[in-house]
Amino acid sequence: YSLGYDSGYVWGGDLTLDAEAPTICVFEAPDNEALFQHAQEKYEGLSKSALYVRGVFTVGNYDYTQTLKLYQDGAFDFFKQLSGYAVGAYILPGDSSNTALMSLFGALISTSALGALHTHSAGYKIDLDIGGLENSVKIKTPGYGNLIDLLNGAGLNTTGIVSASDDTYYFAETP
C-alpha cells in the first residue's frame, strides 16, 4: 500500500482528516545494519529491519512526514521531516530597504522575495504502561525568576553557584 500525495490533508488549526483518504502506511524495510551475536569463536547474524509506521500530514504549505520505526530488539525511533514551499513577502528588487528587512525578518530567497523567519514546534506524549497500568500526571508550568531563590526553595545547597544572570527560566512541577 502506498501513501500518495493527496492521502491526508489537514488545514490550519482545524486538524481534521478526511475519513475517506488513507493517511498512514505500515511497511517493513531493511535498516542497512546487521544484528550479530557471538558465542565462543562463532559469529551469527541476521539483517536488521524495522517496521515503519508513517504518515504524511499537510498543514498549510508544509508537508510533515512522521515516522515511527519499531526494531526487532524492542528499540524504537520517532522522527519528523518537513517539506513544502517557502512562505515569504514580496520586496522591490534593488530597493535600499531590502538589507534592513532581511536582517529583521528572514532571508533573501530571490531578488523579489524575502523568506519569513519562523520556527516549527511539535509536542508528543507517549504512554507505554511500563511496569503496570498505574498512571500519574504531573503539570509542568514554565516560569522565570531568581536562580538562587529557586535552588534554595528546592532545598539545594547554593554554595559556589555562579550564573551569568540572577534570573533564569525554569519549570514548576505540580503533582
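This is a predicted model: local features need pLDDT of at least 70, side-chain atom pairs count only at pLDDT 80 or more; totals for chains, interfaces and linings use all residues.
Visitor: What is the pattern of helices and strands along the chain?
Guide: The chain has two helices and nine strands, and in sequence order they read β-β-β-β-β-α-β-β-β-α-β.

Visitor: How many aromatic pairs does the structure hold?
Guide: There are two aromatic pairs. In one of them, Phe-27 and Tyr-52 are 4.9 Å apart, centre to centre, with 10° between the planes.

Visitor: Why is the pair of Phe-27 and Tyr-52 called stacked?
Guide: Ring centres must lie within 6.5 Å to form a pair, and planes under 30 degrees apart count as stacked. Phe-27 and Tyr-52 have 4.9 Å between centres and 10° between planes, and therefore the pair is stacked.

Visitor: What makes this pair a tie between separate parts of the chain?
Guide: Phe-27 belongs to strand E1 (residues 24-39) and Tyr-52 to strand E2 (residues 42-59), so the pair ties together parts that are 25 residues apart in sequence.

Visitor: Which term applies to Phe-27, and which to Tyr-52: buried or partly exposed?
Guide: Buried means under 20% relative accessible area, exposed over 50%, and partly exposed in between. Phe-27 has 29% and is therefore partly exposed, whereas Tyr-52 has 9% and is therefore buried.

Visitor: Why is the pair of Tyr-62 and Tyr-64 called tilted?
Guide: Planes over 60 degrees apart would count as edge-to-face and planes under 30 degrees as stacked, with the rest tilted. The planes of Tyr-62 and Tyr-64 are 50° apart, and their centres are separated by 6.4 Å. The distance is within 6.5 Å and the angle falls between the two limits, so the two rings form a tilted pair. Tyr-62, at 13% relative accessibility, counts as buried, and Tyr-64, at 15%, also counts as buried.

Visitor: How do you know that Lys-48 lies over the face of Tyr-71?
Guide: The distance from the ring centre is 4.5 Å, and the limit for a charge over a ring is 6 Å, together with an angle within 35 degrees of the ring normal. Lys-48 is listed as lying over the face of Tyr-71.

Visitor: What makes the contact of Lys-69 and Asp-31 a salt bridge?
Guide: A salt bridge requires a side-chain nitrogen of Lys or Arg within 4 Å of a carboxyl oxygen of Asp or Glu. The side chains of Lys-69 and Asp-31 meet at 2.9 Å, N to O, and therefore the pair qualifies. The structure holds one salt bridge.

Visitor: Why are Lys-69 and Asp-31 called buried?
Guide: The limit for buried is under 20% relative accessible area. Lys-69 has 10% and Asp-31 has 12%, so both residues are buried.

Visitor: What other polar contact does the side chain of Lys-69 make?
Guide: The side chain of Lys-69 makes a polar contact of 3.5 Å with the side chain of Tyr-52. Among the residues that Lys-69 touches, not counting those up to four places away in sequence, are Ala-50, Leu-51, Phe-76 and Phe-79.

Visitor: How do you know that Arg-54 is partly exposed?
Guide: Arg-54 has 23% relative accessibility, which is between 20% and 50%, so Arg-54 counts as partly exposed. Arg-54 is in strand E2, and a polar contact of 2.9 Å joins its side chain to that of Thr-67.

Visitor: Why is Leu-147 called buried, and where is it placed?
Guide: Leu-147 is in helix H2 (residues 147-153). Its relative accessible area is 17%, under the 20% limit, and Leu-147 is therefore buried. Leaving aside neighbours within four places in sequence, Leu-147 is in contact with residues including Ile-161 and Thr-168.

Visitor: What makes Asn-98 a buried residue?
Guide: Asn-98 has 10% relative accessibility, which is under 20%, so Asn-98 counts as buried. Asn-98 is in helix H1 (residues 98-105).

Note on methods:
Residues are numbered from 1 along each chain as its sequence is written. Side-chain values use heavy atoms; hydrogens and water are left out. Rings of Phe, Tyr and Trp (its six-membered ring) pair if their centres lie within 6.5 Å; planes under 30 degrees apart count as stacked, over 60 as edge-to-face and the rest as tilted. Helices (H or I, at least four residues) and strands (E, at least two) are DSSP runs, numbered from the N terminus. Buried means under 20% relative accessible area, exposed over 50%, partly exposed in between (1.4 Å probe, protein chains only). A polar contact is a pair of N or O atoms within 3.5 Å; within protein, one must be able to donate a hydrogen and the other to accept it, and residues adjacent in sequence count only if both atoms are side-chain atoms. Contact means heavy atoms within 4.5 Å.
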